[in-house]
Amino acid sequence: MTPPEMDSQGQRETIRFDDRVAIVTGAGAGLGRVYALELAKRGARVVVNDLGGAQDGTGSGTTASDSVVAEIKDLGGEAVSSYDSVATPEGGKNIVDTAIKTFGRVDILINNAGILRDKSLLKMEPELWKAVLEVHLNGTYNVTRPALANMRENAYGRIVFTTSAAGLYGNFGQTNYSAAKMGVIGFMNSAKLEAMKYNIKINTVAPVAATRMTENIMSSERLEMAKPEFVAPLVLYLCSEHLEDTGMIFNAGMGCFSRAAVLTGAVVKIGKKGEIPTPEVVAANMDRIKSLDGSVEFTNLRAAMASIDEAAGAASQ
Ligand code: NAI
């Protein structure tokens, strides 16, 4: 498939995925389908993974994956279906094995599969909690681990995790989903450190898009404005050789993009070295402790600890 040199915005198409192999989980619909199509249009060979179940994760089927594979083939691209669930280690391994057996390797992994089981916390029975953690958080682990092993052999990899504004900022009725979606951020923060020496980069997208997941909560105007196609350009960049960054979180939707990050305020040292402050002294200093003036972003635990050691007057580790 040879796309035109120039795109509709008059720019040369420099981001290509020729000879690259991509896995997109949950690619039978919504955002994942668009990621798979756009990657294929730019030359990637794609594993279209989807369990094919309902929005709450119940049921399964082959139609969702197969229809996206057919769309890609109609465009002249290469793709293969995978119906495994990301929610088990065996499923994750099968998904990666499908890529290796069919196309020989894995270069790109987009962990996108997702379900919802919304309930307020008091009604959040353990099975609702577990089902959502299993797909979003365990699912990201189940596929990323075997994919990383293959990427390490090739000393190349681009991995995208999927979080949500519900996790980053909070949303009523979504404690399970928010916990899972922030869980993947903690996962990324440590995994990026282990992956970087193999030229493997891991970043996270927080999408806003009109899909099955949001069709009942978005206004009709927003549904029209928030096509998944508006999220895909950022995700494709995060999958590209051009990518420089790792360990970052990006909001994307409706043509709007921003970076989200964990910031830490300037250290407030109370009392002399070795002196334990009272709760009253802490209370008296809360305005300073809460302040984000002079805040910084740490890229690993050691850097965060070093700033505390310095303020505390401790010898650094
Ligand atoms: P969607 O419901 O259209 O697509 C999710 C796909 O994942 C479905 O095709 C489903 O069959 C598949 N899936 C579910 N469980 C699976 C499993 N165990 N194994 C393999 N596939 C499975 O939803 P949408 O909106 O496209 O969501 C994609 C991702 O984006 C999800 O992780 C979601 O949490 C996240 N997200 C979406 C937002 C939005 O505005 N649409 C907002 C924030 C996050």
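**Figure 1. Contacts of Asn-150 in the predicted model.** Leaving aside neighbours within four places in sequence, Asn-150 is in contact with Ile-100, Arg-105 and Val-106. The structure shown here, as in every figure below, is a predicted model. Asn-150 belongs to helix α4, which covers residues 126–154. With a relative accessible area of 7%, Asn-150 is buried.

Figure 2. Strand β5 spans residues 157–162, and six of its six residues are buried, so the strand is largely enclosed by the rest of the structure. Gly-157, Ile-159 and Phe-161 point one way from β5, while Arg-158, Val-160 and Thr-162 point the other way. Residues on both sides of the strand are buried. Strand β4, made of residues 108–110, pairs with β5 in the parallel sense over three bridges. Within this pairing, Leu-109 has Ile-159 of β5 as its bridge partner.

**Figure 3. Two residues with positive phi.** Most residues other than glycine have a negative phi. Asp-19, which is not a glycine, has a positive phi of about 70 degrees. Asp-19 is located in the segment before β1 (21–24), and its relative accessibility of 61% places it among exposed residues. Ala-155 also has a positive phi, near 50 degrees, and is likewise a residue other than glycine. Ala-155 sits in the loop between α4 and β5. With a relative accessible area of 40%, Ala-155 is partly exposed.

**Figure 4. The salt bridge between Arg-20 and Glu-241.** Side chains of opposite charge can pair when their charged atoms come close. In the salt bridge between Arg-20 and Glu-241, the closest N and O atoms are 2.9 Å apart. Arg-20 lies in the segment before β1 and Glu-241 in the loop between α8 (232–238) and β7 (249–253), so the pair ties together parts that are 221 residues apart in sequence. Arg-20 counts as buried at 14% relative accessibility, whereas Glu-241 is partly exposed, with a relative accessible area of 46%.

Figure 5. The structure has eleven salt bridges in total. One of them joins Lys-41 to Glu-38, with the closest N and O atoms 2.9 Å apart. Both residues lie in helix α1 (residues 30–41), where they are three residues apart, about one turn of the helix. Lys-41 counts as partly exposed at 34% relative accessibility. In helix α3 (residues 89–103), Lys-93 and Asp-97 are four residues apart, again about one turn of the helix. Their side chains meet in a salt bridge with an N to O distance of 2.7 Å. Lys-93 is partly exposed, at 47% relative accessibility. Elsewhere, a network of salt bridges links Glu-13, Arg-16, Asp-18 and Arg-42.

Figure 6. Val-267, Leu-301, Met-305 and Ile-308 form a nonpolar patch on the surface, and together they have about 370 Å² of accessible area. Ile-308 lies in helix α11, which runs over residues 301–312. The relative accessible area of Ile-308 is 42%, so this residue is partly exposed. The domain assignment of the protein chain gives domain 1 (21–260) and domain 2 (263–317). The C-alpha centres of domain 1 and domain 2 are 36 Å apart.

How values were computed
Residues are numbered from 1 along each chain as its sequence is written. This is a predicted model: local features need pLDDT of at least 70, side-chain atom pairs count only at pLDDT 80 or more; totals for chains, interfaces and linings use all residues. Side-chain values use heavy atoms; hydrogens and water are left out. Patches are made of residues with over 30% relative accessible area and no salt bridge: like charges are joined within 9 Å, nonpolar side chains (Val, Leu, Ile, Met, Phe, Trp, Tyr) within 5 Å. Accessible areas come from the Shrake-Rupley method with a 1.4 Å probe; for residues, only the protein chains shown count as cover. A salt bridge is a side-chain nitrogen of Lys or Arg within 4 Å of a carboxyl oxygen of Asp or Glu. Buried means under 20% relative accessible area, exposed over 50%, partly exposed in between (1.4 Å probe, protein chains only). Contact means heavy atoms within 4.5 Å. Domain bounds come from an automatic or database domain assignment. Two strands pair if DSSP finds at least two bridges between them.
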